[in-house]
Amino acid sequence: MSSAYLITITILAIALVIVGVTWFKWHAFISLSVASLALGLAAGLPITKIVTDYEQGVGGILSSLLGILALGTILGKMMSESGAGIQISNYFTRAFGDRNLPWATFFAGLIISIPVFFEVGLVILLPLVIAIQKTTKKNLLLIAIPMISALSISHGIVPPHPGAMAAIGIFHADVGQVLLYSLIVALPAGIIGGPLFAYYISKRVKPETEPKVVAANVSATSYPSVGVSFFTILLPIILMIGTVIVPFVRMPAQLAHFLNFIGNPLIALLISVFVAYYLLGTRQGIGRNLINKLTGESLAPLASIMMIIGAGGAFKQVLISSGVGDAIAQVATQWQLSPLVMAFVVAGLIRIATGSATVALTTAAGIVDPIVVHMTGINLPLLVIATGAGSLMFSHVNDAGFWLVKEYLGLSVKQTFKTWTVLETLLSFAAFFIVLIINLFV
């Protein structure tokens with residue numbers, strides 16, 4: 001099939017998802033499932049292949065997210081019910097003042113995002129953001145957007161996140177240089193997509209429903225201290241940092257294996273949940289029966305979110321199997337563009353088509369590397385970052401992050417396009433233009 005045909009049916013499939021949710025009022029899970037089937041049939045995939053891709057897509061995305069989202073939600077519930085979230089929100093309110101809260105959540109997100117994946121940081125920090133919102137009564141987007149911006153820009157361009165590390169390996173770039181340049185790029189780009197955009201969009205969009213992360217009740221007989229509250233929310237981050245330092249510090253092999261084990265996001269969150277059960281539960285007068293009840297209550301709202309994310313993964317897998325990524329690659333190789341621009345554009349097109357920043361980054365790097373391997377004078381660290389910047393643009397209905405943000409913040413599909421999609425595109429182009437500026441001088 002021609003590249004033009006594959007790209008056309010992809011656009012139509014995406015339009016079907018949007019029309020299904022907004023016009024026919026289908027649940028997003030149904031819309032994504034129907035679009036996956038329609039796209040597979042239009043692309044000429046065998047029926048059995050479509051079913052297999054659907055199952056692989058659902059399993060692939062949920063296998064990595066299910067435990068993390070569940071444990072993060074439980075941790076957030078304990079933060080809420082114990083009053084720890086209120087303690088932290090009061091601290092931030094006193095320390096930064098109402099006007100500077102977007103900056104506080106941005107820098108908190110930027111620091112925490114370096115060692116953790118986007119989804120992990122989101123489920124850890126969002127309960128805190130919601131607690132701050134309940135205390136200040138401000139628009140949730142004003143406080144949440146900066147944090148999400150910081151998490152996203154780090155996920156896209158900063159090592160040791162998987163996409164950046166894969167691109168570093170493909171381009172044979174220096175990890176240290178990429179880390180240095182990426183932090184220089186991430187700060188101003190994150191500010192543009194974070195606090196600055198949050199001030200603008202929060203005046204124009206207000207979430208339609210309540211966020212689906214934590215309840216407003218406080219079951220504890222007394223609040224934990226500020227120190228205990230901060231320790232509990234930061235514990236998974238502290239544990240995950242171990243996996244970052246292992247490659248750079250000489251240590252016994254057994255210690256390295258242990259740090260990698262407890263630093264795995266799933267294990268780090270599991271440990272943190274049990275610590276929260278004690279520090280925020282038992283010590284605060286919440287009995288075991290109530291802890292069990294709160295755990296069940298926290299997991300119930302995840303059912304719809306998981307179904308949507310799973311269907312989004314299925315849609316992405318069918319897109320990949322249909323050959324859209326290869327079609328874009330064929331078109332891209334015919335363009336006469338500089339390596340930085342080509343890497344950015346190719347990654348962006350693949351991100352739009354497949355919905356995965358990591359897939360876009362690694363695929364684009366694989367496409368561009370044979371073209372630039374014999375060229376001289378190319379700044380490889382900046383090439384990695386330009387590719388990562390492209391992999392962030394225009395997140396929409398085939399991206400699990402789109403539905404995660406929508407459901408967690410209580411947004412409609414239209415509102416998610418106005419907030420999350422615009423945010424990702426701002427981050428993408430801001431980071432790319434900063435790369436171009438640095439390239440002029442380095």
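This is a predicted model: local features need pLDDT of at least 70, side-chain atom pairs count only at pLDDT 80 or more; totals for chains, interfaces and linings use all residues.

Residues are numbered from 1 along each chain as its sequence is written, and side-chain values use heavy atoms, with hydrogens and water left out.

**Around Leu 125**

- Leu 125 sits in helix 6 (helices are DSSP runs of H or I with at least four residues, strands are runs of E with at least two, and both are numbered from the N terminus).
- Setting aside neighbours within four places in sequence, Leu 125 is in contact with Gly 109, Ile 112, Met 147 and Leu 151 (contact means heavy atoms within 4.5 Å).

**The chain as a whole**

- The chain holds 20 helices and zero strands.
- Along its principal axes, the C-alpha trace spans about 65 × 50 × 50 Å.
- The chain has a radius of gyration of 22 Å, which agrees with the value near 22 Å that a compact globule of 442 residues would have (the radius is taken over C-alpha atoms, and the globule rule is 2.2 Å times the number of residues to the power 0.38).
- Of the 442 residues in the chain, 57% are buried.
- Among contacts with a separation of 6 or more, 82% are between residues 24 or more positions apart.

**Cavities**

- How many cavities of 30 Å³ or more are there? The count comes to two (on a 1 Å grid over the protein atoms alone, a cavity is a set of points where a 1.4 Å probe fits but cannot get out, and lining residues have an atom within 4 Å of a point).
- The largest cavity contains about 60 Å³ of space (grid points are joined across faces, edges and corners, and a volume is the space filled by probe spheres set on the points).
- Leu 125 belongs to the lining of the largest cavity, together with Phe 92, Ala 104, Thr 105, Ala 108, Gly 109, Leu 128, Val 129, Ile 132 and Met 147.
- Helix 5 (101-113) and helix 6 (118-136) are the elements that give two or more residues to this lining.
- By class, the lining has eight nonpolar, two polar and no charged residues (Ala, Val, Leu, Ile, Met, Phe, Trp, Tyr, Cys and Pro count as nonpolar, Asp, Glu, Lys and Arg as charged, and the others, Gly among them, as polar).

- Asn 139 lies in the loop between helix 6 and helix 7 (140-157), and it counts as buried because its relative accessibility is 18%.
- A polar atom of the Asn 139 side chain lies 2.8 Å from the backbone oxygen of Val 205 (a polar contact is a pair of N or O atoms within 3.5 Å; within protein, one must be able to donate a hydrogen and the other to accept it, and residues adjacent in sequence count only if both atoms are side-chain atoms).
- Not counting residues up to four places away in sequence, Asn 139 touches Gln 133, Ser 202, Val 205, Lys 206 and Pro 207.
- Ser 202 is placed in the loop between helix 9 and helix 10 (226-245), and is buried, with a relative accessible area of 15%.
- Beyond its neighbours within four places in sequence, Ser 202 is in contact with Asn 139 and Leu 142.

**Positive phi angles**

- His 172 is not a glycine, yet has a positive phi of about 60 degrees.
- This histidine, His 172, is found in the loop between helix 8 (162-171) and helix 9 (175-201), and counts as exposed at 66% relative accessibility.
- Phe 394, also a residue other than glycine, has a positive phi near 50 degrees.
- Phe 394 lies in the loop between helix 18 (380-390) and helix 19 (400-409), and is partly exposed at 38% relative accessible area.

**Thr 52**

- Thr 52 is found in helix 3 (residues 47-82), and is partly exposed, with a relative accessible area of 33%.
- The backbone oxygen of Thr 48 is 2.8 Å from a polar atom of the Thr 52 side chain.

Conventions. On a 1 Å grid over the protein atoms alone, a cavity is a set of points where a 1.4 Å probe fits but cannot get out, and a pocket is an open set with protein on both sides within 12 Å along at least five of seven lines; lining residues have an atom within 4 Å of a point. Buried means under 20% relative accessible area, exposed over 50%, partly exposed in between (1.4 Å probe, protein chains only).
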